[in-house]
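Reader: Could you walk me through how to read the parts of a chain and the surroundings of a ligand?

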Amino acid sequence: MTQPILTARLAGKHCLSASTQCFHLEFVADGVTDLAFTPGQFISVLHEDATGKEEMRAYSLASAPAANRFALCLNRVKGGYFSNLICDLAIGDAIQFQGPLGYFTLREPITDSILIATGTGVAPMRGFLQWLFPQQGPNRSQGRHIWLVYGTRHAADIYYREEFEALAALHPNFHYLPTLSRPLDSWSGLRGYVQEHVARIIEERAASLGQPLPAPPPDPSIPASELHFDIYAYICGLSPMITAARERLKAFGWHRRQIITERYD
Ligand SMILES: Cc1cc2nc3c(=O)[nH]c(=O)nc-3n(C[C@H](O)[C@H](O)[C@H](O)COP(=O)(O)OP(=O)(O)OC[C@H]3O[C@@H](n4cnc5c(N)ncnc54)[C@H](O)[C@@H]3O)c2cc1C
């Protein structure tokens, strides 16, 4: 069934990083009181180009459901059509979209989870975290350990850093691990690529729980669709990082169903 086309207006906008030209954009949907979606899903934004051709791009929802409001996080892609169009929107400008769409959503019941992102791949992770640790209402993390391993080149490009640091200070079971691939000497945090830090999380967790590594394969008599695991990884960003992180997890014996991915390219 074709989804209806909805309209939303830009209600707020701020630059998350001048060097990467990344923006946080807040929208209000017209004519709906409740835009129901599952955190991690995306919308498909539509626009007719100068020749009358309908263009369409996917953008992850960078917020948890909140009545008719939602957020996007996107960066200008050099020479890109749609990203520049959206980053140039002014307050009050409208977009047309379909959705919510997609299956990049938290598996339930909530388990220990490693959220792995680079660049604007942090968008659905922000949605997950707002839902797991809402400012108002019950904490949905159920005491499970949630790690956000976020990779970027420079400290100035760590999107939503203050927000995630504040969340980690409030919730001992949320572990925020930004890592830089090209840090200045003055950077005292983690260095290198996300997959290296994911490996350390898995090794330390397995040691603390007395679990073997690599993990033994699941019982072959259980159909893959019925398998449940005590930890999942959610990976979002561009293909090379997703492939590298997935390979690292597989080397620890992780099953393909434990690794949930969203590719932007
Ligand atoms: C499910 C899904 C969710 C997405 N969510 C987001 C999101 O939340 N935020 C976001 O910024 N983008 C997101 N994207 C990417 C987005 O749909 C567009 O591809 C991107 O904005 C480039 O569109 P464009 O028209 O400007 O460039 P185009 O002219 O279509 O393409 C330019 C090139 O840029 C590459 N590219 C795509 N995304 C990026 C990126 N983020 N950084 C660098 N290069 C890129 C493409 O592979 C392509 O080769 C998502 C993609 C998918 C499939």
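Author: Start with domains: their bounds come from an automatic or database domain assignment. Here the chain is divided into domain 1 (6–101) and domain 2 (112–263), and their centres, taken over C-alpha atoms, are 25 Å apart. Keep in mind that this is a predicted model, where local features need pLDDT of at least 70, side-chain atom pairs count only at pLDDT 80 or more, and totals for chains, interfaces and linings use all residues. Residues are numbered from 1 along each chain as its sequence is written.

Reader: How many residues does the contact take from domain 1 and from domain 2?

Author: Two residues are in contact if their C-beta atoms, placed from the backbone, lie within 7 Å. By that rule, domain 1 puts in 16 residues and domain 2 puts in 15 residues.

Reader: Which element supplies the largest share of the side of domain 1 that touches domain 2?

Author: Strands (E, at least two residues) and helices (H or I, at least four) are DSSP runs, numbered from the N terminus. β5 supplies the largest share of that side, four residues.

Reader: And which residues come nearest the ligand?

Author: A residue is near a molecule if its C-beta atom, placed from the backbone, lies within 6 Å of it. Of the 21 residues around the ligand, the nearest are Leu 74, Gly 80, Phe 82, Ser 83 and Asp 265. β4 (54–60), β5 (69–75) and α1 (82–87) each give two or more residues to this shell, and β4 gives the most, with four. Domain 1 and domain 2 each contribute at least three residues to the shell.
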